[in-house]
Protein chains: 4
Amino acid sequence: MLKIGLLGCGRIGQVHARSIASIDGATVTAVADAFATAAQSLAAGTGAKVLDSDALICSPDVDAVVIGTPTDTHYDLIHQAAAAGKAIFCEKPVDMSADRIRDCIKVVETAGVPFMTAFNRRFDPNFANIHARIAAGEIGDVELVTILSRDPTPPPISYIKGSGGLFRDMMIHDLDMARFLMGEEPTTVYAVGSALVDPAIGDAGDVDTAAVTLTTASGKICQISNSRRATYGYDQRVEVHGSRGLLRAENMLENTVEVADQNGFRKAPALNFFLERYEAAYRAEMTYFAAQIQAGDAPKPGIIDGLRAQILADAAAQSLAEGVPIQV
Amino acid sequence: MLKIGLLGCGRIGQVHARSIASIDGATVTAVADAFATAAQSLAAGTGAKVLDSDALICSPDVDAVVIGTPTDTHYDLIHQAAAAGKAIFCEKPVDMSADRIRDCIKVVETAGVPFMTAFNRRFDPNFANIHARIAAGEIGDVELVTILSRDPTPPPISYIKGSGGLFRDMMIHDLDMARFLMGEEPTTVYAVGSALVDPAIGDAGDVDTAAVTLTTASGKICQISNSRRATYGYDQRVEVHGSRGLLRAENMLENTVEVADQNGFRKAPALNFFLERYEAAYRAEMTYFAAQIQAGDAPKPGIIDGLRAQILADAAAQSLAEGVPIQV
Amino acid sequence: MLKIGLLGCGRIGQVHARSIASIDGATVTAVADAFATAAQSLAAGTGAKVLDSDALICSPDVDAVVIGTPTDTHYDLIHQAAAAGKAIFCEKPVDMSADRIRDCIKVVETAGVPFMTAFNRRFDPNFANIHARIAAGEIGDVELVTILSRDPTPPPISYIKGSGGLFRDMMIHDLDMARFLMGEEPTTVYAVGSALVDPAIGDAGDVDTAAVTLTTASGKICQISNSRRATYGYDQRVEVHGSRGLLRAENMLENTVEVADQNGFRKAPALNFFLERYEAAYRAEMTYFAAQIQAGDAPKPGIIDGLRAQILADAAAQSLAEGVPIQV
Amino acid sequence: MLKIGLLGCGRIGQVHARSIASIDGATVTAVADAFATAAQSLAAGTGAKVLDSDALICSPDVDAVVIGTPTDTHYDLIHQAAAAGKAIFCEKPVDMSADRIRDCIKVVETAGVPFMTAFNRRFDPNFANIHARIAAGEIGDVELVTILSRDPTPPPISYIKGSGGLFRDMMIHDLDMARFLMGEEPTTVYAVGSALVDPAIGDAGDVDTAAVTLTTASGKICQISNSRRATYGYDQRVEVHGSRGLLRAENMLENTVEVADQNGFRKAPALNFFLERYEAAYRAEMTYFAAQIQAGDAPKPGIIDGLRAQILADAAAQSLAEGVPIQV
């Protein structure tokens with residue numbers, strides 16, 4: 001039984017708690033949150049103890065920590081957990097600064113603790129299926145990757161201001177997906193972007209509509225586009241053009257019902273809420289993490305993947321600012 | 001060059017004239033119609049002579065006749081054309097009376113002339129594809145056939161009154177399709193029906209909504225349903241469940257465009273007009289007819305197929321009237 | 001908190017236990033099973049007591065019983081539970097005999113206890129969506145209902161022999177769905193059937209491929225077809241043709257991925273296992289049951305719906321045996 | 001009756017001849033080709049005269065010329081036809097050099113003759129439908145355009161060498177489509193590309209896999225990707241993300257048939273041959289051209305659209321060569 005301590009009892013912490021409850025070989029033994037009531041509320045339905053984060057990390061009843069606290073606290077918690085020899089599951093981004101992630105890599109490697117960066121989309125059954133079929137050679141060599149990702153509605157301006165910008169906050173998932181599907185590191189990054197959804201986002205120094213082009217040394221190409229608004233639900237599509245065929249994942253719709261009338265044939269909107277859209281992915285990533293730790297195997301994506309995605313996001317932001325492609 | 005005489009220059013005659021114009025080895029040499037202006041108008045764009053039907057049938061410039069006149073004239077024209085030794089392409093139904101079709105079979109067989117009953121849907125690229133793949137064994141043995149067929153709007157009551165009823169006028173296409181796809185003769189026919197679209201259709205002694213069940217000696221089953229009204233276009237679907245898989249043909253839509261908004265994902269309506277929906281089928285059946293005649297091979301479906309479909313339609317009408325399944 | 005006693009701890013009992021665990025206002029307080037280990041195993045993960053069925057039904061810690069035992073035990077358990085004043089949730093079929101269901105109705109009505117027949121498909125999000133939209137008038141009057149239902153593989157012959165036959169065991173779900181979607185009682189039932197999947201099923205006196213036609217007093221028509229085998233997964237489709245449009249539910253596929261190559265565009269098979277396919281339905285029906293009981297409202301479908309579906313299944317079996325439509 | 005002279009009787013000339021034959025108000029009166037047999041063969045089925053190109057352009061029996069000759073002859077033919085006061089329909093590209101197109105614009109404007117550049121895809125029923133619905137405001141403001149365009153197989157290396165490169169030969173269609181759908185001129189062009197399909201294409205100095213990003217002054221973004229190979233047919237997709245919704249056109253498949261078996265649900269490949277895929281577009285563009293000329297209205301896209309697409313293709317080639325975005 002893997003004993004897990006939960007750092008952060010907000011929305012994502014609750015998701016992870018539910019996932020762990022559904023896993024046979026894992027259990028939440030302790031929880032911590034800056035807001036005591038959040039921690040108490042999450043612990044209530046379980047046998048978990050409410051501790052402060054220092055005590056949780058040092059507890060002998062904790063084998064692994066799940067870090068779901070605000071991004072700016074990750075750095076210290078990773079340092080503490082590594083020092084305490086705990087396995088670490090950390091929400092993305094590991095940190096807003098690539099240099100600080102490099103610091104974390106050092107302490108994690110020195111301590112020799114397992115570390116998983118929570119790029120949950122790799123565990124989405126659709127995208128994981130595409131990845132597995134590429135690996136099995138079903139479409140030959142990967143040549144062109146197209147990722148279309150649109151949020152239903154923009155977050156509040158207050159969130160935007162502290163988010164690190166669209167590339168680091170939203171597109172980072174797609175940048176990781178690009179690496180996951182291309183199987184080769186991007187070497188150039190070119191970004192364009194506009195504030196078309198809400199001028200206030202532009203006033204805040206960010207964009208809400210953006211496109212990035214990545215290339216690799218061997219000539220693979222990836223195009224990503226993002227919008228902070230989609231009237232038809234949470235739009236999450238991926239396609240991979242290979243030498244022998246095409247693999248693509250369509251959106252998950254609310255149901256399978258179609259109505260036909262004089263206006264044509266109409267299906268339901270896409271699932272709108274990210275927790276519902278990626279429900280299976282959240283469960284699968286935690287199941288995988290627990291299994292890897294118990295088997296003594298290193299989980300993937302690791303902390304290095306967290307760093308590489310951050311470097312790509314930084315390069316995209318720089319490309320947008322300077323108007324030229326950036327070498328990485 | 002196959003020289004074709006066109007009997008009937010109405011809507012369907014014009015369709016056949018256009019098809020023949022697109023075939024390299026065939027040409028319309030003569031046309032006839034009770035309305036002289038219809039014949040003249042159709043001949044105008046071509047080098048065809050306008051004749052009366054007797055003269056057309058006897059003309060040495062005519063190798064084959066295409067009969068697209070009103071149903072009650074088919075019987076005499078078939079007799080004349082057979083006597084004149086012409087190949088015959090005849091619109092469905094061959095006749096409203098199975099006994100009179102049997103008479104026609106006798107004269108056609110005695111004369112030894114080729115005869116094709118124009119069940120155009122067998123030549124639709126989608127349904128023909130299903131038939132070919134069944135024949136190739138792709139889904140193993142045929143077990144269950146489902147045919148959904150709905151007209152966009154009911155014809156005028158005046159037409160209904162002289163139509164022979166839904167089973168002989170509309171469902172006869174589906175009954176032929178059932179025979180085509182099952183590859184075995186139905187032995188029982190059970191029909192139900194209602195006038196739900198327009199009570200005036202009920203007052204005229206007909207139904208506008210109907211369902212038929214067919215079974216064969218080996219136990220294959222076919223379900224057909226018809227409606228005289230579909231708000232979303234001309235609904236023409238077929239599916240065949242076999243021991244190794246399923247084959248199904250979806251509707252042909254007006255275009256491939258999809259719009260997505262808060263109401264979901266919407267495609268275009270189905271093609272609404274039968275001449276457009278079955279444009280390729282009309283061309284293919286005439287191309288096939290011309291090729292078979294020129295090669296000296298018997299065209300299919302033959303006059304016997306016209307008879308068998310009519311017998312099934314008669315049985316369906318009787319089943320509806322009597323409330324019991326009919327053996328055929 | 002609704003205190004639920006679980007009668008039967010087999011596969012379906014476990015499904016219901018998981019559903020109840022996910023419901024905020026309900027809990028399993030006691031479980032019973034003829035096999036003590038099954039009951040102990042299910043109780044282990046919860047605070048539920050293991051009791052024998054008599055004790056469970058009489059327990060003051062039980063407000064409602066969920067009956068998931070073999071069909072031939074339902075009759076006695078319903079009588080006992082009604083006498084004990086417990087709300088009853090009973091798996092379908094209520095009983096194999098319509099007369100015995102009528103007996104159950106009497107005791108349930110006399111006792112005045114709430115009773116829900118577990119036709120789970122009514123709670124499938126897709127079919128429930130169709131029902132709600134019909135009720136909202138989205139497609140006008142219902143005219144033609146088409147239900148295609150195919151199991152992935154036939155059950156063992158030993159199961160077939162005790163199943164009551166395809167109509168009572170498998171099609172009963174579709175017969176209930178027909179009533180649910182037509183909103184009017186069928187008055188005639190006509191059935192055909194064959195043993196095409198496995199001759200041993202025919203030797204056992206049953207069919208594995210069948211079709212039923214239902215009609216109502218107002219002229220609505222429903223066609224159902226069943227097969228005990230589908231190579232492409234668990235095939236569960238429904239469509240409703242109404243005066244203003246068509247509503248249809250497509251299969252739920254394993255994922256949203258499509259591969260394209262020289263053979264065309266290929267999507268995943270349909271979900272294959274009924275517990276996975278109807279996972280959401282099982283959870284929704286139990287959530288609904290608990291909510292209705294706690295609100296003091298009568299749950300639906302009730303015991304009368306269990307009776308009516310059974311009467312239709314009996315009529316289908318009689319129709320197949322006699323070769324004629326049966327009035328109900 | 002619009003009298004049309006056909007310059008060039010190769011594959012595309014024959015397509016235009018067939019289109020004109022199907023138009024009521026237009027006829028081919030004269031044809032010319034450097035290969036006399038090609039001209040004679042095309043004229044054979046019609047009443048058209050075979051002339052040399054000088055005579056054809058000056059013929060009083062010619063109101064409009066259709067230029068379907070090799071690209072390097074367009075310049076002189078346009079000059080001659082403009083001087084002769086003929087309406088001009090010219091295949092794309094107008095010329096390989098933007099400067100020479102500017103010369104052509106001068107003579108066309110000076111002569112005041114109507115000129116249409118044959119960007120046939122604007123007349124594809126699917127893409128035209130998207131354009132019309134954008135114009136009608138159905139999806140609000142255009143924000144992100146995604147164009148995926150893949151040829152079934154690469155052309156011979158000999159063709160590649162004289163083609164002007166992928167951007168001028170293949171992507172020029174997509175660059176015009178981008179302008180058509182964005183409704184605003186691109187101001188920056190960034191291109192990447194590789195030779196992944198065939199190294200010989202790289203050896204010839206070209207790429208076979210490429211992606212372009214366009215931006216406009218108001219912040220609209222367009223991503224285009226091309227490959228010279230697609231195993232699943234001729235891949236031609238477009239989608240437009242707007243402030244109120246998404247419009248997208250899927251591929252046209254060979255038929256509507258789907259097979260289901262243990263491998264899932266499989267549809268037919270995409271139409272493979274460009275003349276078949278764009279058959280309707282070729283007919284529609286010529287019908288439109290004839291109608292505009294007869295009505296005295298200027299046809300669109302005009303010669304300026306030919307220039308602007310060429311400028312974008314030149315910019316893309318330059319961007320690829322220099323590794324930076326190009327301002328246009």
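**Two interfaces of chain D**

Visitor: How much area is buried between chain C and chain D?
Guide: Keep in mind that this is a predicted model. Carbon and sulfur atoms give 61% of the area buried between chain C and chain D. The total for this pair is about 1,300 Å².

Visitor: Which residues in chain C lose the most area to chain D?
Guide: Three residues together make up 42% of what the chain C side buries. They are Tyr232(C), Phe265(C) and Arg266(C).

Visitor: Which element gives the largest share of the side of chain C that touches chain D?
Guide: Two elements give two or more residues to that side, namely β13 (257-261) and β14 (264-267) of chain C. The largest share is four residues, and the element behind it is β14(C).

Visitor: In which sense do β14(C) and strand β14 of chain D pair?
Guide: These two strands pair over three bridges. Along the way, Lys267(C) stands opposite Phe265(D) in β14(D). The sense of the pairing is antiparallel.

Visitor: How many salt bridges are there between chain C and chain D?
Guide: The chain C side has seven nonpolar, five polar and three charged residues. The salt bridge count, though, is zero.

Visitor: Now for chain A. What relation superposes chain D on chain A?
Guide: The superposition takes a rotation of 180 degrees with 0.0 Å of shift along its axis, at an RMSD of 0.0 Å.

Visitor: In chain D, which residue has the C-alpha nearest the axis?
Guide: That C-alpha lies 3.0 Å from the axis. The residue is Val324(D).

Visitor: How much area do chain D and chain A bury between them?
Guide: The contact takes 44 residues from chain D and 44 residues from chain A. Of the buried area, 54% is on carbon and sulfur atoms. The total is about 3,100 Å².

Visitor: How many salt bridges are counted between chain D and chain A?
Guide: One salt bridge joins Glu250(A) and Arg248(D), with the closest N and O atoms 2.7 Å apart. The side of chain D that touches chain A has 16 nonpolar, 19 polar and nine charged residues. The count of salt bridges for this pair of chains is eight.

Definitions and conventions
Residues numbered from 1 in each chain as written. Chains lettered and ligands numbered in written order. Predicted model: local features only at pLDDT ≥ 70, side-chain atom pairs only at ≥ 80, totals over all residues. Heavy atoms only, no water. Buried area = accessible area lost by both parts, 1.4 Å probe. Salt bridge = Lys/Arg side-chain N within 4 Å of Asp/Glu carboxyl O. Nonpolar A, V, L, I, M, F, W, Y, C, P; charged D, E, K, R; others polar. Pairing = 2+ DSSP bridges. Least-squares fit on C-alpha atoms with pLDDT ≥ 70 in both. Contact = heavy atoms within 4.5 Å.
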